[in-house]
Amino acid sequence: MQAQVYHSHEIQAWERRWFSQQNSAFGLMQQAAWSIAQHLLQLFQNNYPEVKTIAVWCGHGNNAGDGYCIASYLKQSGYAVEIFAAEIGASTDLKQAIQLAEQNQLKIHLDFDLQASFDCHIDALFGIGLNRDLDQAWQTIIQNFNTQTGIKIAVDLPSGLNANTGQTQPIAVKVDYTFTILGLKAGLFTGLGKEYSGQIETISLIPTDSALKAVALLAPQQIQLPQRQAFGHKGSYGHVLVVGGHADMGGAVILAAESAFCAGAGKVSIVCHQKHHTAILARSPNIMVKDINVFTEDEIQSLINHVDAVSFGMGLGRDDWAEQQFLKWFKPICASTHLQVVFDADALWFLATQNTQLSPNTYLTPHPGEAAKLLDCSIAEIESDRIAAIHRLKKKYSGKWVLKGAGSLILEDKLWICTAGNPGMGTGGMGDVLAGMIASLKAQFAENVQLHDIVTLHAQAGDYLAQQGIRGLQAQHMAHAVYRVINSCQE
């Protein structure tokens with residue numbers, strides 16, 4: 001079963017149901033702190049034997065209570081621990097946690113003015129309930145935390161990171177490890193979450209109940225594709241058509257077509273401006289090319305009838321010529337029920353002008369800017385809640401969606417979060433490679449391969465390249481990586 005990801009409201013409601021059964025809130029706090037402390041002891045022993053001194057940063061609420069208890073258990077294990085805290089809060093559970101720290105004779109500073117360096121810093125400032133921008137005083141405290149040296153740990157999630165959107169408010173603690181309590185939170189994996197959360201481990205404490213509902217699933221890392229049969233031929237593995245390639249932009253269709261071949265398609269054709277045909281054939285003589293400017297409506301329909309998947313929009317452009325080409329191809333593509341269809345890049349730009357509902361075998365791959373165009377809003381609105389944005393896209397247009405970016409979201413029947421990939425993939429052409437892979441694998445396997453699996457394979461190809469370094473990673477280098485990753489996941 002794939003790891004489930006929750007909204008903070010679901011986690012909080014789950015806790016309330018647990019407490020309504022006469023379970024102790026402070027008992028759960030102690031249990032969480034004890035478990036995190038045990039994980040830390042093992043982490044220090046195995047990976048950071050130099051850790052001797054620990055600073056625990058505590059805020060006002062229950063997350064601070066976790067911090068006080070963790071500090072107590074680490075001191076009991078022989079570490080030199082000090083607590084740096086906001087003014088002591090009034091909740092009963094927090095008071096009990098402070099009493100436990102006082103019983104263990106911990107040094108508690110009611111400020112965040114560290115006069116010495118520490119080997120480890122533990123963030124217990126804010127928990128999942130933070131839903132407002134932090135004031136300047138708290139921003140200064142978090143900036144102070146981030147400038148400290150030593151290993152950094154977050155309790156539940158990095159303070160200042162929104163648990164549901166992965167956005168900072170407007171600043172967040174950046175850590176090496178996050179020990180998230182009860183269940184995974186969506187904000188740890190999408191938006192800015194990957195940058196701030198480090199390695200993530202769940203501290204499971206109480207049994208799940210039937211009322212607990214996940215907001216998303218983490219996409220699996222182990223993917224299998226059916227083996228090819230000995231009697232197969234090029235017609236057995238799908239014919240992919242790539243349509244785009246404005247006179248000024250020929251590279252995108254080449255990247256999409258080459259990735260389609262490397263992902264296993266039997267045949268690949270490009271329809272683009274004839275200006276690019278020589279370059280395409282010089283790079284990949286196995287790609288068939290046709291001039292986009294000479295097609296009649298009947299010829300478009302005839303070609304579509306003979307292919308299995310279309311990847312539409314790469315390098316199409318946004319001028320009057322591009323709009324005419326979009327309108328010329330859009331209707332017959334959408335009307336062909338046998339096709340697996342990928343809308344990418346400039347096709348998404350023009351799709352925003354259409355009032356249409358797309359078929360379930362249509363796959364759309366916007367980045368935040370394209371998503372903003374499709375929803376007639378700002379990029380900031382998209383990034384402020386990526387999960388809400390992808391649901392809005394599906395509701396407005398139907399189809400199946402990928403909202404690209406760190407922690408790409410994939411909405412099919414369920415919402416998935418891709419955890420593979422790396423910052424080096426933030427470079428021109430990577431989306432074209434993905435569009436070609438989707439068309440290729442859907443042409444070969446249709447519903448027997450899931451969209452979230454294809455997105456993960458694309459990200460894993462990027463991770464393979466990143467083994468040599470993420471700076472300077474380029475889309476034209478992806479072909480070999482796609483070939484390698486696809487062939488590593490045969491049944």
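1. Start with N162. In this predicted model, N162 sits in the loop between β6 (151-155) and β7 (177-181). Strands here are DSSP runs of E with at least two residues, helices are runs of H or I with at least four, and both are numbered from the N terminus. Residues are numbered from 1 along each chain as its sequence is written, and side-chain values use heavy atoms, with hydrogens and water left out. Local features need pLDDT of at least 70, side-chain atom pairs count only at pLDDT 80 or more, and totals for chains, interfaces and linings use all residues.

2. Is N162 buried or exposed? N162 counts as buried because its relative accessibility is 14%. The cut-offs are under 20% relative accessible area for buried, over 50% for exposed, and partly exposed in between (1.4 Å probe, protein chains only).

3. Look at what surrounds N162. A polar atom of the N162 side chain lies 3.0 Å from the backbone nitrogen of T165. Leaving aside residues up to four places away in sequence, N162 touches L130, L157, Q167, Q169 and G187. Contact means heavy atoms within 4.5 Å.

4. Next, a helix pair. The axes of α9 (residues 297-305) and α10 (residues 320-335) come within 10 Å and cross at roughly 40°. Therefore α9 is oblique to α10. Axes are lines fitted to C-alpha atoms, for helices over the stretch in contact, and angles run from 0 to 180 degrees between N-to-C directions. Under 35 degrees is roughly parallel, over 145 roughly antiparallel, 65 to 115 roughly perpendicular, and the rest oblique.

5. The crossing of α9 and α10 is right-handed. A crossing is right-handed if the near helix is turned clockwise from the far one by less than a right angle, and left-handed if anticlockwise. Which residues meet? I300, Q301, L303 and I304 in α9 meet K328, W329, P332 and I333 in α10. By class, this contact of α9 with α10 has six nonpolar, one polar and one charged residues.

6. Now a second pair. The axes of α12 (residues 368-375) and α14 (residues 386-397) come within 10 Å and cross at roughly 50°. So α12 is oblique to α14. The crossing is left-handed. From α12, P368, A371, L374 and L375 make the contact, with R386, A389, R392, L393, K396 and Y397 from α14.

7. Finally, the whole chain. The protein chain has 17 helices and 19 strands. Its C-alpha trace spans about 85 × 45 × 40 Å along its principal axes. Buried residues make up 57% of the 491 residues.

Conventions. Polar contact = N/O pair within 3.5 Å; in protein donor to acceptor, adjacent residues only side chain to side chain. Nonpolar A, V, L, I, M, F, W, Y, C, P; charged D, E, K, R; others polar.
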